[in-house]
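Reader: I have a model open and want to learn how to read its features. Can you take me through it step by step?

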Number of protein chains: 2
Amino acid sequence: MVEKVNHPYYPRSLKLPHFKANDKDITELLSVFFSIVGIFIVVTWLVTGRAARKPLSLTRRLVVCWFVACGFIHTVLEGYFGYFHATLAGQMDFLAQLWKEYGKGDSRYISSDTFTVCMERITAIIDGPLAFLSAWAFLANSKHRYVLQLLLSLCQLYGDSLYFLTAIFEGFIHGEYLHPLYFWFYFVFLNSLWIIIPLLLIIDSYRHLSRCQAVFDSNASGKNKKLH
Amino acid sequence: MVEKVNHPYYPRSLKLPHFKANDKDITELLSVFFSIVGIFIVVTWLVTGRAARKPLSLTRRLVVCWFVACGFIHTVLEGYFGYFHATLAGQMDFLAQLWKEYGKGDSRYISSDTFTVCMERITAIIDGPLAFLSAWAFLANSKHRYVLQLLLSLCQLYGDSLYFLTAIFEGFIHGEYLHPLYFWFYFVFLNSLWIIIPLLLIIDSYRHLSRCQAVFDSNASGKNKKLH
């Protein structure tokens, strides 16, 4: 007798006795979520045009918007997962339904996969506050701004690289392989953002901080001091 | 009938049909390994006393020794694991026997655990070269030296934090819990080095680079330029 599977996740052999199907549809879940992220970005865009201690370039304002969007996503969405991962499959609140939808692209979010839970907890507890701090640091023209950008972006890049590498290592068994929405949009596209943007920001910080070091060294050698 | 387990690893239910017991004893394995690491450290200590472009402080020379020891361990020992993880339990060469000994503290190195393999591959391919580059950068007094130290140390700290967190999350099932040698020395002590030292070096880089940024900003504002 073939047992009926009570959930939409892969691998199909996954046992999720506590799973309850979503009652909100995908349009509602995604439009509410992306609208909230959009509001964070628009408000940050407006704030960066006025509140910065020194005027910021358009690119830099976009980067600050990225930090604030990351701060929100890391602390609220990923923090929720880090805390409720064990019971999420049976919960019906908005964030649980959002994760149950995303889980169609990667069931490790539904099955409390060890690596996924631990990585998301680091993301929520470390990357989230670092993202807000980075946004503040650029607004305040703080001397910590490029170092914070580097710390945040490297944490994001490391976590997300491992996220992809572990999925590849296991042969993409946690979602419907090559599905246009679940595989390509949820799993590949959305997560690629946290590879590409952090990589660009790491290069940006690297070049900038090395230039600062060169200025510092030439000042120091001008003063004939041993400061390295 | 109780099945006889053919290996010394935890959990005892682990199936390792290809396992072959070591023929080298633990004294030989550890003394050869730590001697080689020791030689790398002594040679680097001597080199840093002579070959640095600007004289290095004693602490800085020790840090460069740390980088070189890390470079060797990441590329050779961890690179070996990243490549041979699947067959290692049945191999009899020196590095395989070393990993089979270490595996008594954490069997994820014997059972090709997904997270462990992927994290060790990043360590070998990214952290290894970064460690040698960092050593070179301090010897050459390069403007990249503190940024490289920060990149390396944060990669090490992130990987090792996840290593501990995943083991805790699974309830320390991969080794004999609280065993003086396997748990406390192999698993806790050795890996703690890659938490504590990177953390200190991240703080060192953070403070140093922020100071460089402050000098850069005051130079720039002195020249009345918009350079942030």
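Reader: How is a salt bridge defined, and which residue of chain B forms one with Arg145(A)?
Author: A salt bridge is a side-chain nitrogen of Lys or Arg within 4 Å of a carboxyl oxygen of Asp or Glu. In this predicted model, Arg145(A) pairs in this way with Asp217(B), and the closest N and O atoms are 2.9 Å apart.

Reader: What does Arg145(B) pair with?
Author: Arg145(B) forms a salt bridge with Asp217(A), with the closest N and O atoms 2.9 Å apart. Arg145(B) lies in helix α5 (residues 145-169) of chain B and Asp217(A) in helix α6 of chain A, so the pair joins two chains. The count between chain A and chain B is two salt bridges. Over all chains, the whole structure has 10.

Reader: What ground rules apply to the numbering and the values?
Author: Residues are numbered from 1 along each chain as its sequence is written, while chains are lettered from A and ligands numbered from 1 in the order in which they are written. Local features need pLDDT of at least 70, side-chain atom pairs count only at pLDDT 80 or more, totals for chains, interfaces and linings use all residues, and side-chain values use heavy atoms, with hydrogens and water left out.

Reader: How are helices called, and how many does chain A have?
Author: Helices (H or I, at least four residues) and strands (E, at least two) are DSSP runs, numbered from the N terminus. Chain A has six helices and zero strands. Its C-alpha atoms fill a box of roughly 85 × 35 × 30 Å along the principal axes.

Reader: How many residue pairs are in polar contact between the chains?
Author: A polar contact is a pair of N or O atoms within 3.5 Å; within protein, one must be able to donate a hydrogen and the other to accept it, and residues adjacent in sequence count only if both atoms are side-chain atoms. Between chain A and chain B there are 10 such residue pairs, both residues at pLDDT 80 or more.

Reader: At what angle do the two α6 helices cross?
Author: Axes are lines fitted to C-alpha atoms, for helices over the stretch in contact, and angles run from 0 to 180 degrees between N-to-C directions. The axes of α6 (residues 180-222) of chain A and α6 (residues 180-222) of chain B come within 8 Å and cross at roughly 75 degrees. That makes α6(A) roughly perpendicular to α6(B) (65 to 115 degrees; under 35 is roughly parallel, over 145 roughly antiparallel, the rest oblique).
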